Amino acid sequence: MNRYVALEGIEGAGKTSVSAALALRLEEAGHEVIRVREPGGTAVGEGLRQLLLDGPPVTPWAEALMFAAARSQLVTEVIRPALDRGAWVLSDRSVYSSLAYQGAGRRLGMDSVRRINRPGLAGTWPEVVVLLTVSPQQGLARQARPDRIGSQGLQFQRAVAEGFARLAGEEPERFVVIDGGRPMEQVVAAAWDALEARA
Ligand code: TYD
C-alpha cells in the first residue's frame, strides 16, 4: 500500500499529538517518516497559509482554490517524492479537510471541492485517514489560538464535523474513526493498530 496517512478532525481533536506519537513508533520500527501539515510545508504553501489563516477576508471559492493550490505544491515537492522512496508520510490534514471545511462547512459541495483538488494531486491520495472525533464544543474549548477559519463558531464546526462523519461513512475502508476524547495513549494505540494492520 502507499504509506500516506492523513490525520483529520475538527479544531482541537488532537491530531498533532497523535501524529507525533505515531511518527515515533514508526521510526522505532525502522521506517523513514515525514511529517507535514496542511496548509503549509513548502515556501508557496506557507505563504498561502499565512493568507488563509491570518489574512484579509477571502471568498469561499478563493479559499477552496488556495487550499488546493497549497496542497498541489506540497504533494509535488514533498509527499510524492517521499512516498516514492518508501517513506511513511503523516499529514496533519489533507484533501479531506477541504471536503469537510469548504465542501460542507462553506457549503460549496463536496463533489465540487473534490473536482478542483483532483487534477493537482495527480493520483496522490491518502491511503488511510485517521479521523479523531471530538464534540464541536469540546474542540472549540481546546483550541489554542483561533485563526480565521477556527473562529467561525459552533454552527460551522458542527457542519464540518458532520461533513467528516459523512465522508467516513462513504469510505469505511479508508477511514479509521477514533474518539479523540479518550486518553491520548488509547487514541495512539487505536491509530497504531490500524496502521500496523495495513502495513
Ligand atoms: P491549523 O493551525 O493547522 O489548525 P489545526 O490545528 O486545527 O489543524 O489550521 C488549519 C485551519 O485551516 C483549520 O481551521 C482547518 C482549516 N482548513 C480548511 O478549512 N481547509 C483545508 O483544506 C485545510 C487543510 C485546512
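Tyr101 counts as buried, because its relative accessibility is 5%; buried means under 20% relative accessible area, with a 1.4 Å probe and protein chains only. Phe164 counts as buried at 2%. The model is predicted, so local features need pLDDT of at least 70 and side-chain atom pairs pLDDT 80 or more, while totals for chains, interfaces and linings use all residues. Residues are numbered from 1 along each chain as its sequence is written, and side-chain values use heavy atoms, without hydrogens and water.

The structure holds four aromatic pairs. Rings of Phe, Tyr and Trp (its six-membered ring) pair if their centres lie within 6.5 Å; planes over 60 degrees apart count as edge-to-face, under 30 as stacked and the rest as tilted. Tyr96 and Trp125 form an edge-to-face pair, at 5.8 Å centre to centre and 80 degrees between the planes. Both Tyr96 and Trp125 are buried. Tyr101 and Phe164 also pair edge-to-face, at 6.2 Å and 80 degrees. Ring pairs join Tyr96, Trp125 and Phe175 into a cluster.

The largest nonpolar core has 60 residues. Such a core is a set of buried Ala, Val, Leu, Ile, Met, Phe, Trp, Tyr and Cys residues joined through side-chain atoms within 4.5 Å. Among the residues that touch the most other members are Leu22, Tyr96 and Phe164. Beyond its neighbours within four places in sequence, Leu22 is in contact (heavy atoms within 4.5 Å) with Leu7, Leu90, Val188, Ala191, Trp192 and Leu195.

Definitions and conventions: Buried means under 20% relative accessible area, exposed over 50%, partly exposed in between (1.4 Å probe, protein chains only).
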